[in-house]
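Let's learn to read this model together, one feature at a time. Have the sequence and the 3D view open, and follow the questions below.

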Amino acid sequence: MTSHAPVLDKDGIRLTVDDAVATVTLNGPAKRNAQSPALWRALTEAGRSLPGSVRVVVLRAEGTSFSAGLDRQAFTPEGFDGEPSFLDMARGSHEELDATIAAYQEAFTWWRRNDLVSIAAVQGHAIGAGFQLALACDLRIAAEDAQFAMRETSLGLVPDLTGTHRLTHLVGYARALEICATGRFVHAEEAERTGLANLVVPAGQLDAAARDLAAALLAAPRDAVVETKALLAGAASRTYEEQRAAERAAQGRRLRDLAGLSD
């Protein structure tokens with residue numbers, strides 16, 4: 001989406017920055033952008049590498065698929081070079097296993113920072129870890145050929161890369177359970193209808209739609225967007241009265257800021 005020199009380019013991801021917009025590209029199309037621990041570490045590093053000027057992050061992918069999920073090499077006895085195999089992880093202590101999975105999850109958490117708005121531009125397959133990476137973002141634009149699926153249960157596993165929280169929030173418990181337990185594909189039309197996707201566009205218009213949405217998000221003052229995102233993100237965990245109070249507090253901060261007053 002931009003011709004700027006990469007800030008980071010390693011292990012299947014490329015990060016570029018154009019003023020207030022950063023673009024993270026999954027660039028392993030030969031393997032349908034399959035994911036690995038090395039890619040997750042690179043995604044975590046990308047989040048830490050963002051300049052303070054960045055307000056919007058676009059996550060996109062090269063090739064016909066957004067991400068086919070975890071690289072199947074993870075399920076072989078040898079796993080990835082230099083990485084613990086699943087068998088090695090299972091043989092370790094509960095504490096070691098928990099710490100390893102927590103480190104993997106870091107690649108999926110920073111997209112929801114209050115000072116950023118993240119957009120996933122999804123084409124083709126977004127399966128398992130790919131689905132969860134799209135869910136990690138605040139907003140999702142889907143190409144007409146997009147297909148989402150949570151296939152972990154078919155492998156005897158559970159989704160563990162932070163996707164269950166967002167999925168349940170977006171579509172409700174019953175639909176989330178059905179999607180995860182059956183592993184079925186959710187096509188673009190259903191994704192838009194159920195709130196998984198904000199917008200569906202022809203595949204050839206996906207990058208342009210992401211650029212347009214990024215520009216629209218930049219039109220409002222940054223602090224107002226930051227405060228609004230925080231209000232909305234916390235609304236589900238607050239009572240009605242608590243949300244009213246949070247609105248008053250946030251508006252007070254904005255008014256004092258606009259008036260040039262400090263707390």
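Q: How many bridges join strand E7 to E10, and do these strands run parallel or antiparallel?

A: In general, strands of a sheet pair through backbone hydrogen bonds, either parallel or antiparallel. Here strand E7 (residues 139-143) and E10 run parallel and are joined by three bridges. Two strands count as paired if DSSP finds at least two bridges between them. Within this pairing, Ala143 stands opposite Val201 in E10. Strands (E, at least two residues) and helices (H or I, at least four) are DSSP runs, numbered from the N terminus.

Q: Before we go on, what kind of model is this?

A: This is a predicted model: local features need pLDDT of at least 70, side-chain atom pairs count only at pLDDT 80 or more, and totals for chains, interfaces and linings use all residues. Residues are numbered from 1 along each chain as its sequence is written, and side-chain values use heavy atoms, leaving out hydrogens and water.

Q: In what order do the seven strands of the open sheet come?

A: The order is E1-E2-E3-E4-E5-E7-E10, with mixed pairing. At the edges are strand E1 (8-10) and strand E10 (199-201), each pairing on one side only. Neighbouring strands of this sheet are turned by 20° against each other on average, direction ignored. For such angles, axes are lines fitted to C-alpha atoms, for helices over the stretch in contact, and angles run from 0 to 180 degrees between N-to-C directions.

Q: Which strands form the open sheet of three?

A: Those are E6-E8-E9, in that order, again with mixed pairing. Strand E6 (125-127) and strand E9 (186-187) are the edge strands. E8 and E9 pair in the antiparallel sense over two bridges, and Phe148 has Val186 in E9 as its bridge partner.

Q: Which strands does H4 lie across?

A: Contact here means heavy atoms within 4.5 Å. H4 lies across E6 and E8, running at about 95° to E6. H4 also lies across E3, strand E4 (56-61), strand E5 (117-122) and E7, at about 145° to E5.

Q: How many residues of H4 are buried?

A: Buried means under 20% relative accessible area, exposed over 50%, and partly exposed in between (1.4 Å probe, protein chains only). Eight of the eight residues of H4 are buried, so this helix is largely enclosed by the rest of the structure. One of them is Gln132, with a relative accessible area of 0%.

Q: Which backbone nitrogens lie by the side chain of Gln132?

A: A polar contact is a pair of N or O atoms within 3.5 Å; within protein, one must be able to donate a hydrogen and the other to accept it, and residues adjacent in sequence count only if both atoms are side-chain atoms. The backbone nitrogen of Leu161 lies 2.9 Å from a polar atom of the Gln132 side chain, and that of Gly163 lies 3.0 Å from one.

Q: How many aromatic pairs are there?

A: Rings of Phe, Tyr and Trp (its six-membered ring) pair if their centres lie within 6.5 Å; planes under 30 degrees apart count as stacked, over 60 as edge-to-face and the rest as tilted. The count comes to four aromatic pairs. In one of them, the ring centres of Trp40 and Tyr104 are 4.8 Å apart with planes at 55°, so the pair is tilted. Trp40 lies in helix H1 (residues 37-49) and Tyr104 in helix H3 (residues 94-105), so the pair ties together parts 64 residues apart in sequence. Trp40, Tyr104 and Phe108 form one aromatic cluster.
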